[in-house]
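Please consult the sequence and model shown below while reading.

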Amino acid sequence: MTTTFSQTVFSPWLTPVRLVSTSNIAGTYYNGPNNNGVGATLTVAASSLTIDSVVCAVGDRVLLQTQTATYQQGIYVVKSIGSTVVLERSEDQQSLEQLKPGEYVAVGAGSVSAGNFYTLIEPLPTAIGVDAIVFNADPSAGAVNFSGPAST
């Protein structure tokens, strides 16, 4: 869509994630076959993965935002669960051109983060798999309370 001022408008919404990490997820990071983040994976040496009190399933989108190695942060999809758990960088978060400051993602489940929003903030990385990708939480988003009758 283009406005009357010829500005391109894109939605700041990212596809929602099911879960957000509340602690570091230890694993082996691989930055993809071309070492640029495309096809990047995090392989966890476990036969299951629990994030924010919820057991992950194949196909879940998860936001890793508490990684000790901050270049591993970002949105991943659970690709396989077997003798290891393989997370792959989400297709909408694999290149620098896709990372826009101010993009935000809603969280669908978890005992801590369900209902919250996380926003991608600056500085953006200059190289995926090398520089930090930082999402900040908006902890008030999941705690909106209304009291009293509706007004007109």
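## Sheet organisation

Strand β7 (residues 74-81) and strand β8 (residues 85-89) run antiparallel and are joined by five bridges. Within this pairing, I81 has V85 of β8 as its bridge partner. Strands (E, at least two residues) and helices (H or I, at least four) are DSSP runs, numbered from the N terminus, and two strands pair if DSSP finds at least two bridges between them.

The order β1-β6-β7-β8-β3-β2 describes an open sheet of six strands with mixed pairing. At its edges stand β1 (19-20) and β2 (28-30), each with a single partner strand, so one side of each lacks a neighbour in the sheet.

## Basis of the model

The model is predicted: local features need pLDDT of at least 70 and side-chain atom pairs count only at pLDDT 80 or more, whereas totals for chains, interfaces and linings use all residues. Residues are numbered from 1 along each chain as its sequence is written, and side-chain values use heavy atoms, with hydrogens and water left out.

I75 belongs to strand β7. Its relative accessibility is 0%, so I75 counts as buried; the classes are buried (under 20% relative accessible area), exposed (over 50%) and partly exposed (in between), with a 1.4 Å probe and protein chains only. Neighbours within four places in sequence aside, the contacts of I75 (heavy atoms within 4.5 Å) include L14, V17, V62, L63, Q93, V105 and F135. The C-alpha atoms of I75 and V17 are 7.8 Å apart, although the two residues are separated by 58 residues along the chain.

Q93 sits in the loop between β8 and β9 and counts as buried because its relative accessibility is 1%. With residues up to four places away in sequence not counted, Q93 touches L14, I75, Q98, L99, E103, I128 and F135.

## Strand β10 and its partners

Strand β9 (residues 104-106) runs antiparallel to β10, with three bridges between them; Y104 has T119 in β10 as its bridge partner. Four bridges join β10 to strand β11 (residues 135-138), also in an antiparallel arrangement, and F117 stands opposite D138 in β11.

In a regular strand the side chains alternate between the two faces of the sheet.

## Aromatic pairs

Four aromatic pairs are counted, where rings of Phe, Tyr and Trp (its six-membered ring) pair if their centres lie within 6.5 Å, and planes under 30 degrees apart are stacked, over 60 edge-to-face and the rest tilted. The ring centres of Y104 and F117 are 6.4 Å apart with planes at 75 degrees, so this pair is edge-to-face. Since Y104 lies in β9 and F117 in β10, the pair ties together parts 13 residues apart in sequence.

Ring pairs also link W13, Y104 and F117 into a cluster. Y104 is partly exposed at 24% relative accessibility, and F117 is partly exposed at 24%.

Phi is near 50 degrees for D52 and near 70 degrees for S53. D52 is buried at 5% relative accessibility, whereas S53 is exposed at 61%.

A cis peptide bond, with omega about 0 degrees, joins E122 and P123. P123 is found in the loop between β10 and β11.
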